[in-house]
There are 2 protein chains.
Amino acid sequence: MTRALTAPAAESAERVALVNGVPQATVSVFDRGLQYGDGLFETLRCEQGRVRWFDRHLARLSAGCARLGLPVPDGELLRREAESVLGGSPRALVKLVLTRGVAKARGYRPTGDERPTRIVTRHPWPEASGQEFRLGLSPVPLACNRLLAGLKHLNRLEQVLAQRAAASAGVDEVLMCCGGGEVVSGSMSNLFLVQGGTLLTPPLLQCGVAGVLRSLVLELAPRLGFAVAVAPLSPQQLAQAPALLVTNVRLGVQAVHWYEGRRLEIDARGARLQELIENAER
Amino acid sequence: MTRALTAPAAESAERVALVNGVPQATVSVFDRGLQYGDGLFETLRCEQGRVRWFDRHLARLSAGCARLGLPVPDGELLRREAESVLGGSPRALVKLVLTRGVAKARGYRPTGDERPTRIVTRHPWPEASGQEFRLGLSPVPLACNRLLAGLKHLNRLEQVLAQRAAASAGVDEVLMCCGGGEVVSGSMSNLFLVQGGTLLTPPLLQCGVAGVLRSLVLELAPRLGFAVAVAPLSPQQLAQAPALLVTNVRLGVQAVHWYEGRRLEIDARGARLQELIENAER
């Protein structure tokens, strides 16, 4: 059983792409993004012609560039390009991929002369399924590498494998554990455990993606009286959690109805948090 | 100081590419190979119009397909395509990239309806530098994920970071350690420690690539009187190793002259092993 929230949509007809500012939908086969996953991406929510929370996306992208040794891109250019592909869509997702560019030589070692490739694509906003949100625990581990932790880089095979298994299991999303056994995040979302007045979310020092929505929750949840804590979470804690939230820019703050087949409580403050974040300017 | 063996060559003019059998040098920006590194590759040595050790490459590629849930490609078609791009080159490298194909929907989850993309590119054989081979120890760790271990998949950011650092350090290649601290392999090669009559190479159950040359060494070295053993190696063992070999299809069996600035012994059996492997039919 697949759920509508993650079900494939026939998008091809509605896809729009820019490569380095030029309307085209292809890149060189020698691009290091394809050859090695040598690059980064951001998934932007666009509403009423504007990118939401753009400064946070740019901050993460810039941190990633510093880590990978890519030149930091011109933020205003990226914003303009993202907004330029929207056409009249009132709401859409824009994916921004930034690679090290076309390889100047064979092999992993960059020459340092590469010119980054900037790919901006528009994707239709997925219809909400209206169905309850099902979360599972993935058998696919997340590998630990502090040098890549937190980044939204292009090496995403683990997430692909996790989502393949999630589809077979009939769940919308799956939690993934690091080698040490602790729960890190969902395959495409960050995780918050609601425990009384506290929101707990795992640290991302060894793996995982530092989500834009996660940073918004950490900042704004205290306004609703929540304490927020970044703390390791074990699968055992998850198995007993009263309520869970997962976050990403598409889902916003998503209450989890089912975790590993167990019905969870829906904390009313989740909806208030969602509202607070939906209204956050930056 | 960069070494000629890994120095960038101006290859663009000599590059030749086939995508799904068609001469072209671009792929869709929506290809999952670019979007997620959702695919595999092989680097083939071609000599006198033929791919060397093709069955071993195909076996690894097929194992990777099984692991990622990709249809196993037609080996004869791949071989023919690889050989067709050679033109008159007496010796060349052919890189074969196989991705899950163009995404049918946004997001990590494959629909299952994707059609794989097959990319075959020719690269000039790099000139040997004639210089001594320098090996270092990388500060970049290799993340552990048993589900991806051994495969030559497209998620290669760790190797890119390691080779960037190697260039700064002025070495040809660097050894990489897993999170547990054990040495796994080079960034682009497998490792053998020569200890008296024994060749030791690390296991690849948690990370690393199961190299075609590594498998040849494991099979053929006993003919020279070597015992071969797959065993964990610590950085301390490496620091005291009398002699080291690194292997890949480009380098063959490469004796290491310097490791972390220390001059190593050159075991004459390394050259005999190289010769044995150069002559191996399959």
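Mentor: Keep in mind that this is a predicted model. Let's begin with helix 4 of chain A: what covers its buried residues includes strand 8 (134–137) and strand 9 (173–177) of chain A, together with helix 1 (32–36) of chain B.

Trainee: Okay, and which residues of helix 4 of chain A are buried?
Mentor: Quite a list: Leu157(A), Glu158(A), Gln159(A), Val160(A), Leu161(A), Ala162(A), Gln163(A), Ala166(A) and Ala167(A).

Trainee: What happens just after helix 4 of chain A?
Mentor: Gly170(A) comes there, and it takes a positive phi of about 70 degrees.

Trainee: Switching topic. How many residues of chain B are in contact with chain A?
Mentor: 54 residues of chain B, and they touch 54 residues of chain A.

Trainee: Which element gives the largest share on the chain B side?
Mentor: Helix 4 of chain B, with nine residues. By class, the side of chain B that touches chain A has 28 nonpolar, 17 polar and nine charged residues.

Trainee: Now chain A by itself. How many helices and strands does it have?
Mentor: Seven helices and 17 strands. The radius of gyration of chain A is 19 Å, close to the 19 Å from the globule rule for 282 residues, so chain A is as compact as a globular protein of that length.

Trainee: And what percentage of its residues count as buried?
Mentor: 50% of the 282 residues of chain A.

Trainee: Last one: in what order do the six strands of the open sheet in chain A come?
Mentor: The order is 2-1-7-6-4-5, with antiparallel pairing. Strand 2 (22–23) and strand 5 (50–51) of chain A are the edges, each pairing on one side only. Further in, four bridges join strand 1 (residues 16–19) to strand 7 (residues 117–124) of chain A, and Ala17(A) stands opposite Thr121(A) in strand 7 of chain A.

Trainee: Which helix packs on that sheet?
Mentor: Helix 2 (residues 54–68) of chain A, touching strand 4 (39–47), strand 5 and strand 6 (91–99) of chain A. The direction of helix 2 makes about 175 degrees with that of strand 4 of chain A.

Note on methods: Residues are numbered from 1 along each chain as its sequence is written. Chains are lettered from A and ligands numbered from 1 in the order in which they are written. This is a predicted model: local features need pLDDT of at least 70, side-chain atom pairs count only at pLDDT 80 or more; totals for chains, interfaces and linings use all residues. A residue is buried if 20 or more other C-beta atoms lie within 10 Å of its own, exposed if 12 or fewer, and partly exposed in between; C-beta atoms are placed from the backbone. Helices (H or I, at least four residues) and strands (E, at least two) are DSSP runs, numbered from the N terminus. Two residues are in contact if their C-beta atoms, placed from the backbone, lie within 7 Å. Ala, Val, Leu, Ile, Met, Phe, Trp, Tyr, Cys and Pro count as nonpolar, Asp, Glu, Lys and Arg as charged, and the others, Gly among them, as polar. The radius of gyration is taken over C-alpha atoms; the globule rule is 2.2 Å times the number of residues to the power 0.38. Two strands pair if DSSP finds at least two bridges between them. Axes are lines fitted to C-alpha atoms, for helices over the stretch in contact, and angles run from 0 to 180 degrees between N-to-C directions.
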